[in-house]
Amino acid sequence: MNDKRVSELLSQNLTSLYGYAFARLYDKDMVDDLVNEIVCEILASAKNLREEGAFWGFAWKIAENTFRKFIRREETSRQYESLDPEQAAGLFEPSAEHTYLAQEEQSEALYLLRRELSLLSQTHREVCVAYYVENKRCSQIAKEQNISVEMVKYHLFKTRKLLKEGIGMTRMLGEKSYNPGTFRLDFWGDSNYYNGMFDRRLPGSILLAAYYTPMTAEELSMELGVSMPYLEEEIQTLVDAGVLAKNGNVYQTNLVIVTEDYEKEFVRGTSGLYPAVAERIFETAKALLPQVRKLDFWGNDYDDNRLLFGLLNIAMVNGCFLAGDKSPVGEAKPLALGGHGWVFGYDNDYVHHHYNGVTMDSHNKAGTAWFSAENYRVIQDCQLYDHSHFLQKVEAMCDAILGKPESDNETLPWLMENGFLRNTDGILSANFPVFDAPVYEQVRELLRPASEMVADCMIEISDRAEKLLTEHAPDAVKDQCGDIAKIHHRLDAAAFLMESLIAEGKLTLPSEKTPLCVWGVRM
């Protein structure tokens, strides 16, 4: 920082500096002297400061050090002026400021000791507390820790050394201690045993902190502002879940984090690809309307807009399957907590998501019906299929597809309230297109050209995504980027295509709750 800017900041805040001096000096006649010395010290040192945002933390530290020097110098001066060298050598009464300073130094020493104790690893910490605080003998500690007496002595020696070194260090808490960030998990697989793991901030903050740089537990403790006794259990839980890897004494995040910086860069580079593809897909589906209306299925009398939403969604979903056939996602891996699939995350609260969840090929227990529901973010005011109580909702939806009588299924009121189902004289019916299996196969074949266009678009998008995501990800998880790019971006490509059609006015959103992108099949 330059002298002019430092002078401006100091002149604007002289009142604060005087308040600081008045609060610490009992002799108010010395306030001007102390403030002048503080200002001079700040002016002399501030040229080494690069960021203005750190100025006041820097300035108050200088003020504290200057105050200490000021008190010691004044005390020394008072001692020599007030004592008779022959009769009272070495005898003097400490001033109030000197007493305050001594107490402050004692408190700081205690704080530093506690700080360093909080950073010790579990065994070092437990041995140290048992010996020095609980006054246990080495033999007793050895039995409790299930180690030899010699190892107890080694831990005590090592602990003393670590404490001595640590107390002399200047340690700064990291950004995550006051700005923990946001981590959100995404799962793609058969059984999600990770649900709820990141409802609290600390586990996600650990993964964010250790994503690009491997960190020891002690470094994580300082970065997060959390002492080791509380942090160790969280770290072990993440290691056991396979989302944090331990290599020697360092930890690093073991999943891909789709960062906000990456998302923004990717959208900038690909947003121009969608409009032309979306128009071709739309015109292809629209040309099929006369043929589709001749088929026998529930919903063939919907208006053009509603029926096109349904047909385009079928093309999008089948396009995703075709893309998987042409350029497959890797085989689902067994996950540490059980099940098979992929786990990845985001460093934001899903702000770049273009979906609010998807449900594909969900069959009832009897295997007599299934449905698909895609919650594109752009249609969320019309359709938002909630995935809670998943199995009960699947049964209720399939009962409506089959035209069964009303049951005691607890999810029926919600499904009817949100427009997915109807109840007419105790008989359930679907408020979305329903096909018999052979008719659905005809529709799918008619839409194949549109689905092929979707698939080609998705493959191009995911190939670009894999390249860019690999550049953004740390070396430890680069091998996961190909699968994550396909899983995440192929679905998003379908959403971008839908958004483009709505933005261009080719599709219109209704004003009432309407399941625009749901269809069912009777087997």
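## A walk through a predicted chain

Tyr 350 has a relative accessibility of 32%, so it counts as partly exposed.

Before we go on, a word about the model. It is predicted, with local features needing pLDDT of at least 70 and side-chain atom pairs counting only at pLDDT 80 or more, while totals for chains, interfaces and linings use all residues. Residues are numbered from 1 along each chain as its sequence is written, and side-chain values use heavy atoms, leaving out hydrogens and water.

**The chain as a whole**

There are 523 residues in the chain, and 45% of them are buried. Among contacts in the chain with a separation of 6 or more, 71% are between residues 24 or more positions apart. Here, contact means heavy atoms within 4.5 Å.

**Two residues with positive phi**

Most residues other than glycine have a negative phi, and most peptide bonds are trans. Tyr 350 has a phi near 55°, a positive value in a residue other than glycine. You will find Tyr 350 in the loop between strand E7 (340-346) and strand E8 (355-363). Asp 361 also has a positive phi, near 50°, and it lies in strand E8. Is Asp 361 buried, exposed or partly exposed? Its relative accessibility is 36%, so Asp 361 counts as partly exposed.

**Nonpolar cores**

Which residues have the most contacts inside the largest nonpolar core? They are Tyr 194, Leu 220, Val 243, Tyr 376 and Leu 507, in a core of 100 residues. A core of this kind is a set of buried Ala, Val, Leu, Ile, Met, Phe, Trp, Tyr and Cys residues joined through side-chain atoms within 4.5 Å. Helix H20 (residues 481-503) gives the most to this core: 13 residues. A second, separate core has 24 residues, including Val 31, Val 39, Ala 63 and Phe 70.

Let us look at Val 243 again. Leaving aside residues up to four places away in sequence, Val 243 touches Tyr 194, Phe 198, Leu 207, Leu 238, Thr 253, Asn 254, Leu 255 and Val 343.

Strand E13 spans residues 518-522 and is mostly covered, with four of its five residues buried. Two strands pair if DSSP finds at least two bridges between them.

| Strand | Partner | Sense | Bridges |
|---|---|---|---|
| E9 (residues 369-376) | E13 | antiparallel | five bridges |
| E12 (residues 434-436) | E13 | parallel | three bridges |

Ser 372 stands opposite Trp 519 in E13, and Asp 436 has Arg 522 in E13 as its bridge partner.

**A loop glycine**

Gly 419 sits in the loop between helix H17 (412-417) and strand E10 (421-424). Because its relative accessibility is 13%, Gly 419 counts as buried. Not counting residues up to four places away in sequence, Gly 419 touches Asn 431 and Pro 515. Gly 419 and Phe 432 are 13 residues apart along the chain, and their C-alpha atoms are separated by 9.3 Å.

**Pocket and cavities**

On a 1 Å grid over the protein atoms alone, a cavity is a set of points where a 1.4 Å probe fits but cannot get out; a pocket is an open set with protein on both sides within 12 Å along at least five of seven lines, and lining residues have an atom within 4 Å of a point. Points are joined across faces, edges and corners, and volume is the space filled by probe spheres set on them.

The largest pocket has a volume of about 1,200 Å³. It is lined by 33 residues, and those closest to its centre are Asp 186, Phe 187, Trp 188, Asn 192 and Gly 357. Strand E1 (184-189), E7, E8 and H20 each give two or more residues to this lining.

How many cavities of 30 Å³ or more does the structure hold? It holds three, and the largest cavity has a volume of about 50 Å³. Its lining includes Phe 297, Leu 307, Pro 433, Val 518 and Trp 519. Helix H15 (304-326) and E13 are the elements that give two or more residues to this lining, and H15 supplies the largest share, four residues.

Notes
Buried < 20%, exposed > 50% of the residue type's maximum accessible area, 1.4 Å probe, protein only.
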